[in-house]
Amino acid sequence: MIRYTVIRLIQGVITVWFIATATFFAMHAVPGDPLMNDKAISEEIRRNLEAQYGLDKPLPVQYVIYIGNMLKGDFGISFAQENRSVNDIIREHFPVSAILGILAITFAGLGGILFGALTARYRNKMPDIVIMFLVILGISVPSFVFAALGQFALVNLNAFFGTSILPVAGWGTLSHMIAPSLVLGLGTMAFLTRLMRSSMLEIVSSDYVRTARSKGLPTTRIFLRHELRNAILPVVTVLGPSIAAITTGGFVVELVFAIPGLGRYFVQAVQQLDYTVIMGTTVFYGAFLVFMVIVVDLLYGLIDPRVRLE
Amino acid sequence: MNAVTDRFAPVLLDVQDLEVEFDTYGGTVHAVRGVSFEVHAGKTLAIVGESGCGKSVTVQSIMGLIPSPPGRIVGGTAKLRGKEIIDGVTTDGEIVRGSQIGMIFQDPMTSLNPTMTIGDQIAETLQVHRGFSHSQALRLAVELLEMTRINEPSRRARQYPFEFSGGMLQRSMIAMAIACGPSILIADEPTTALDVTIQSQILDLLRDLQRENNMAIILITHDLGVVARMADEVAVMYAGEFLETGTADDIFYSSAHPYTVGLRAAMPTNRDESEQDLMPIDGSPPDLFAPPPGCAYFARCPHAMEACRNDPPPGFAVGSGHMTRCWLHHADCSRRIDDLHYAAAAPLEGRDA
């Protein structure tokens, strides 16, 4: 188990290095540079600035310097936002994104398992048909549409009751978090519902569920001990990639709901070619996702004894 | 084994005219078409027949295990000690399945929950039916594993099915099925998925447990060797019907139905001199979407007569407790059953004299 974990972590580090390298060169391949956004500046000032930020050096040298700094945990200073280090930006805004993401994935996971089990239980009956229709909607409609529709619905709802039931945008209290995390988790939840449904249908007709029934166990016990636990396995498998989907989906939802998360800075940075911020957030997100996938894989062993490793 | 004492053993389970159908897109499948039998305490009833003849459906419908829909029990009764039990529950709501009737299945590899320890799976039955605490039930589960001859039972009880071999899984299944001391054990092809040496061990185990607990066994199989070794009474099933029922000796040594005779002749032997080819029964079973109006075996029967085409044969008693559905046994039929014994009836391997 420990050996496996160490190997996975080493693989993870290599993955992150790969992400960093690819992003670095892709970013520099985009025409223009961070200094272009400013008002017209003289050649001399420009040269000074380039020298200050090390942009005058050849690209491979810049790369080596950057990786060196990164290893020291220093992501540099933002070009667009004066005197703000990328580390500060991440430290300040990542927790917001993380809370949003955790809420969304919790909502997606629980909802997916619940609705999946429900649709399998009532296969081809009314609850199944209704939920599966909504699932197709949830999978095919992008989150920014749901975000806008959700806000629109909230505005009308608040107006109808004449008081603020749920805030339409912003961040701070728990009530601020509900709407965006629902919107963010919706697509993943729909996907997980489908997965759970098919997995559940397969298990309901499996030999060991028949055995459980032949033992005369009550239906609830069969459901919880024999069906649910086994049906959840494929859902847990895709939780890792789902975290990636939710995090990237978070960029848009954060913008629409005016949430001061990291995603907003990421999008802004790409638009402004803010090299250090692009690199910092990409590498950070990459490392975070790689880590989460490892955590999910280790978690899987807890649920399925067959993949527990020595 | 004495045929007379069999009949004095108390009747535990009495099934009468059981009929089961399945609704499919292609139409209604008449899987079980009026089956009656009795199970006596401490005795083994073997139900033999080829694949798809309705053996498993018969016992599963008694246990209430057939998926419904599409399956439904159209008619008949099943009484355990006089109480109706169709669907695995007695008329007064007592749960019979798992407590008074245990069941083991064909493929032990897939019949156990992969994410639950063997011990927990056995203990579960005791917790539900006997109201034991988890630790109490687990202790008993270890004893049950020991009873089914699994080495190091307390360590094994903490393991998962994937850590067991096929034979050990079937032993665990048996431990699970007999946990509550059932009076009947239904064994649905218990050794089909196992190799021969393990098969033999499992059959020995079943017989020993039967003797120790005076437990009746309903053994479903298509292996006549297993029947010869285990059965007190035998029912030969074909296309959803019992064509012949009787003691094992009746079935093997005075087969009264052409199908039984055909099955006997098709059995391979391991005598040196018999370099003869296997003798299959020509043709295939009838379509159960539209069962034939007369005898189900008509199309394949070497002795078929005009009467067999459209008139279903009733049960003819051909001896004490020996019944067959074949027009050859009608008083007006000029041909005699002795003509049926065309194949040299070899002594059966594995059958006690």
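Two strands pair if DSSP finds at least two bridges between them; helices (H or I, at least four residues) and strands (E, at least two) are DSSP runs, numbered from the N terminus. By these terms, Val15(B) stands opposite Phe37(B) in β2(B). The model is predicted: local features need pLDDT of at least 70, side-chain atom pairs count only at pLDDT 80 or more, and totals for chains, interfaces and linings use all residues. Residues are numbered from 1 along each chain as its sequence is written, while chains are lettered from A and ligands numbered from 1 in the order in which they are written.

**Sheet in chain B**
- An open sheet of four strands has the order β2-β1-β4-β5 in chain B, with antiparallel pairing.
- β2 (27-40) and β5 (83-84) of chain B are the edge strands, each pairing on one side only.
- Strand β1 (residues 11-24) of chain B runs antiparallel to β2(B) and is joined to it by 11 bridges.

**Chain A overall**
- Chain A has 11 helices and zero strands.
- Along the sequence, the pattern of chain A is α-α-α-α-α-α-α-α-α-α-α.
- Taken along the principal axes, the C-alpha atoms of chain A fill a box of roughly 85 × 60 × 30 Å.
- Of the 310 residues in chain A, 34% count as buried (20 or more other C-beta atoms within 10 Å of the residue's own, with C-beta atoms placed from the backbone; 12 or fewer is exposed, and in between is partly exposed).
- In chain A, 75% of the contacts between residues at least 6 apart in sequence join residues at least 24 apart; two residues are in contact if their C-beta atoms, placed from the backbone, lie within 7 Å.

**Helix packing in chain A**
- Helix α7 (residues 174-204) and helix α9 (residues 219-256) of chain A pack at an angle of about 160°, and their axes are 9 Å apart.
- Axes are lines fitted to C-alpha atoms, for helices over the stretch in contact, and angles run from 0 to 180 degrees between N-to-C directions.
- α7(A) and α9(A) are therefore roughly antiparallel to each other (an angle over 145 degrees).
- The contact of α7(A) with α9(A) has 16 nonpolar, eight polar and one charged residues; Ala, Val, Leu, Ile, Met, Phe, Trp, Tyr, Cys and Pro count as nonpolar, Asp, Glu, Lys and Arg as charged, and the others, Gly among them, as polar.

**Contact between the chains**
- Chain B gives 24 residues to the contact and chain A gives 20 residues.
- Helix α3 (residues 118-130) of chain B supplies the largest share of the side of chain B that touches chain A, four residues.
- That side of chain B has 12 nonpolar, nine polar and three charged residues.

Conventions
Parallel < 35°, antiparallel > 145°, perpendicular 65-115°, else oblique.
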